[in-house]
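Please work through the exercises that follow with the structure in view, and try each task before reading its solution.

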Amino acid sequence: MRSAAFRPTTFASALTAGLGLWTFAATAAAQTIYPLSRAEILAGARFDFKVEVPGTPPEADVVVTINGKSAADVLGKPATFIVKEDGLDQSALWIRDAEITAPGAYTVDAKVGGKTASVTWTVFATPEKRAAKNVILFIGDGMSVAHRTAARMLSKGISEGHYGGDLAIDDMPHMALVSTAGTDSIVTDSANSMSAYTTGHKSCVNALGVYCARNKSTLGHPRVETITALVKRKLGLAVGVVTNTEIEDATPAGMVAQTRRRSDYNDIVKMFYDAAPEVIMGGGTPNFLPKSAAGSKRGDEEDYLAKFTAKGYAFAANDTEMKALAANANTTRLLGLFNPANIDGALDRRVLKGGTTKRYQDQPDLVDMVRSAIDVLSRKPEGFVLMVESGRIDKYSHSLDWERAVYDTIMLDNTVKAAKDWAAARNDTMIVVVADHAHPVSIIGTVDDSRPGSRLRDKLGTYADAGFPNYPASDKDGYPATVDVSKRLAFTFGAYPDHCTSGKPFLAGEFVPAKPSAADTQTQVANEEYCGPTATRMQGNLPITANSGVHSADDVILTATGPGSEQFRGHMENTRVFRAIVGALALGAPK
Ligand SMILES: [Zn+2]
């Protein structure tokens, strides 16, 4: 939330307002059961069972059964009844850390007075035999079809209708269309969408590893077990979390966190510490530093760098240290924090030398982070699960800065290629590449400086007038040496605030499309810095409070290879991605 992804302050306040309304509505309704109906629960995975009840009926009047038996008997633990939960006129029955081992259909009935609420769950087992020793899950945050297409055009070239080759993310034997809706909305954020991949449960915007109940405390909501906890508890696997965003950001946090609010960065650092993935790499140092240290964003004196070190983690602050530590055979736990905020994207690090690259000159590339992570994780004989995020595809798309987003798509592709090369020598690693949600983006033609006229729409070629862009052939790593060419992609955004556009790349730094109005800070207006004489002034089509682009509800593409990957096919709910991963690992094998 504090990062570029959710630069809009308006987004946060809209959510707060929304949450308030929602809480009110839930209080007024009949009893609510968590997990929600149609949950698919991995056999033997832990979850918090909660029944919310309006008012303060006597405990004896609240009768909860699962398939006709007492909930406590089925879940193997006694229930706790809380009267006046959170001090309000409401009660709740809880069974924390419940678990069901027998697969099948379960109907939960919660009877209070004359009213019965019911939900059904499916508890599923996995194959007995483990197909994959290792799983590598790549997330292109916000990566949509147009990002992939543009990355293929820039990286592989295109002429006479033919591409010069396939991306590594294209060249996979299995593919699926994944839908990403959450429990509260057709449109997700990276928190609840990642949570679906890492827990198998749907959740709501801003939530990680919990169902969104009415609890006041963001840490009090009904929790579901994460893949990190599961693979460590059941199989003793190593776990890696690698991102080029802040490590506390939603996607990486989704590997370990259980909180209603993704911006609980200090709590999320503690959750990383408690979950103890063997490899943790990204940006986001300030929430590891005690309050009194320079640059800290903590409210307490906890020194998490010291705590991680005491727990046996080697610490790397830059690329050189990371590579040296990963190469050391004694390194089995590695924490790498390479930027106080997000690691600079590929276009800034490789071509433009913008962003914070002057201040942080030795930031690693995601490809090298993944190579180092695999070196460390593969020291664990039991195998590993590694999550890798190229996170700024999303953030740059919020900024309507497509060139930066597409360079980071190419970076993701290189990263996937490195993993595929590593896995090719062995047949025990499932590789999955997917986005967590889409952006409303599209390529509609080219912008050609040689076309007559001065307005952007004069320069725009569509259909036959589009032809092909003239980016230079890419270098050995798949990146064109410049994006500042005379015939560029016309890469458009379907949802935007007021802004000015010239159809040119943002060479001086990431685009800032809108700013608060001087008269009324709740209103976002075009950033005049970009409103030169040749720019086109775009009237926003988003609410006036928005200062950047937004996610879309469109499905996203998943590609996969390796043992177990044949489970990915057709259309899948995002929770089914979890199901396929735990299936390949036989995490819910029948007892
Ligand atoms: Zn986003």
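**Exercise 1.** Find which helices and strands each supply at least two residues of the lining of the second largest pocket, and state which residues lie nearest its centre.

*Solution.* In this predicted model, the elements that each supply at least two lining residues are the helices α13 and α14 (456–459) together with the strands β20 (441–448), β22 (487–493), β23 (499–501) and β26 (536–538). Of these contributions, the one from β22 is the greatest, with five residues. The lining has 22 residues in total, and those nearest the centre of the pocket are L456, F491, T492, T501 and M538. Sorted by class, the lining has 14 nonpolar, five polar and three charged residues, and the space in this second largest pocket comes to about 530 Å³.

**Exercise 2.** Describe how helix α3 packs with helix α13, beginning with the angle and the distance between their axes.

*Solution.* Helix α3 (residues 145–156) and helix α13 (residues 402–424) pack at about 75°, and their axes lie 9 Å apart. Because angles of 65 to 115 degrees count as roughly perpendicular, α3 is roughly perpendicular to α13. On the α3 side the contact is made by H147, R148, A150, A151, L154 and S155, which meet W402, A405, V406, Y407, T409 and I410 of α13. By class, the residues of this contact are eight nonpolar, three polar and one charged.

**Exercise 3.** Compare the radius of gyration of the chain with the value for a compact globule of 591 residues.

*Solution.* A compact globule with 591 residues would have a radius of gyration near 25 Å, and the chain has 24 Å, so the two agree. The C-alpha atoms fill a box of roughly 80 × 60 × 55 Å along the principal axes, and the chain has 15 helices and 28 strands.

Definitions and conventions. Residues numbered from 1 in each chain as written. Predicted model: local features only at pLDDT ≥ 70, side-chain atom pairs only at ≥ 80, totals over all residues. Heavy atoms only, no water. Axes fitted to C-alpha atoms, helices over the stretch in contact; angles between N-to-C directions. Helix = DSSP H or I, 4+ residues; strand = E, 2+ residues; numbered from the N terminus. Parallel < 35°, antiparallel > 145°, perpendicular 65-115°, else oblique. Contact = heavy atoms within 4.5 Å. Nonpolar A, V, L, I, M, F, W, Y, C, P; charged D, E, K, R; others polar. 1 Å grid on protein atoms, 1.4 Å probe; cavity = no way out; pocket = protein on both sides within 12 Å on 5 of 7 lines; lining within 4 Å. Points joined across faces, edges and corners; volume = space filled by probe spheres on them. Rg over C-alpha atoms; globule rule 2.2 N^0.38 Å.
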